[in-house]
Amino acid sequence: MKMRINFRLFAMLLVFTLVLVGCATVEKDTAMDTERLLSASGFQMRLADTPQKLDKIKTMTQRKLIRHQRNGIIDYIYVDATDCKCLYAGTEKAYKKFKNLSAIRLSGDEATARDENVKIDWKIWGGDPGSAWQYWE
């Protein structure tokens, strides 16, 4: 009787673990697809290569495209503090290209930017995408 209960508990834990691993793998694959499309669209990736940068991106919305407006300039931000430990930033032009490229590959929610009022210290990232990053387009 006791052996049967232990086996059932073990089996349930094993199934639960496999489900968690499977979900994490799917989420990671989706993030990698999104990041490839962002790069192909002209978004610029910056690594969170200092503790200050990593701490900052950990507080931001993860793995969602965010529309950011400052001083009349619209930028788009995508943050992944888990896997690549990086920030992608792009202009309106890069966002439009991303929307076109992702129309077939991603669901509408992943390809559509959300409006969020985030504070970003662009100096630590090498300038803001609306000005210093313009020459990368």
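## Briefing: loops, strands, cores and salt bridges

Asn71 is located in the loop between E2 and E3; helices (H or I, at least four residues) and strands (E, at least two) are DSSP runs, numbered from the N terminus. The model is predicted, and local features need pLDDT of at least 70, side-chain atom pairs count only at pLDDT 80 or more, and totals for chains, interfaces and linings use all residues. Residues are numbered from 1 along each chain as its sequence is written, and side-chain values use heavy atoms, with hydrogens and water left out.

**Strand pairing and turns**

- Strand E2 (residues 66-70) pairs with E3 in the antiparallel sense over five bridges; two strands are taken to pair if DSSP finds at least two bridges between them.
- Across this pairing, Arg67 stands opposite Tyr76 in E3.
- The hairpin of E2 and E3 has two residues between the strands, and Asn71 there has a phi near 55 degrees, a positive value in a residue other than glycine.
- Asn71 is exposed, with a relative accessible area of 69%; here buried means under 20% relative accessible area, exposed means over 50%, and partly exposed lies in between (1.4 Å probe, protein chains only).
- E3 also pairs with strand E4 (residues 86-90), again in the antiparallel sense and over five bridges, and Val79 stands opposite Leu87 in E4.
- The hairpin of E3 and E4 has five residues between its strands.
- Lys85, in the loop between E3 and E4, has a positive phi of about 50 degrees although it is not a glycine.
- The relative accessible area of Lys85 is 36%, so this residue counts as partly exposed.
- Strand E3 (residues 73-80) is mostly covered, with six of its eight residues buried.

**Disulfide**

- The whole structure contains one disulfide, defined as a pair of cysteine sulfur atoms within 2.5 Å.
- Cys84 and Cys86 are the residues joined, with an S to S distance of 1.8 Å.
- The link of Cys84 and Cys86 is left-handed, with -70 degrees about the S-S bond.
- Cys84 is partly exposed at 22% relative accessibility, whereas Cys86 is buried with a relative accessible area of 0%.

**Nonpolar cores**

- The largest nonpolar core has 11 residues, including Leu37, Phe43, Tyr76, Cys86 and Phe98; such a core is a set of buried Ala, Val, Leu, Ile, Met, Phe, Trp, Tyr and Cys residues joined through side-chain atoms within 4.5 Å.
- Helix H1 (2-41), E3, E4 and helix H3 (92-105) are the elements that give two or more residues to this core.
- H3 gives the most to this core, with three residues.
- Ala94 belongs to this core and, leaving aside its neighbours within four places in sequence, is in contact (heavy atoms within 4.5 Å) with Ser41, Gly42 and Phe43.

**Salt bridges**

- The structure has four salt bridges, each a side-chain nitrogen of Lys or Arg within 4 Å of a carboxyl oxygen of Asp or Glu.
- Arg36 and Asp33 form one of them, at 3.1 Å from N to O; both lie in helix H1, three residues apart, about one turn of the helix.
- Asp33 is partly exposed at 24% relative accessibility.
- Asp83 forms a salt bridge with Arg63, the closest N and O atoms being 2.2 Å apart.
- Asp83 lies in the loop between E3 and E4 and Arg63 in the loop between H2 and E2, so the pair ties together parts that are 20 residues apart in sequence.
- Asp83 is partly exposed at 36% relative accessible area, while Arg63 is buried at 18%.

**Lys53 and its surroundings**

- Lys53 is placed in helix H2 (residues 51-58) and counts as buried, at 12% relative accessibility.
- The side chains of Lys53 and Asp49 meet in a salt bridge, 2.9 Å from N to O.
- Asp49 is exposed, with a relative accessible area of 56%.
- Asp121 lies in the segment after strand E5 (114-115) and is partly exposed, with a relative accessible area of 38%.
- Although 68 residues apart in sequence, Asp121 and Lys53 are 9.4 Å apart in space, C-alpha to C-alpha.
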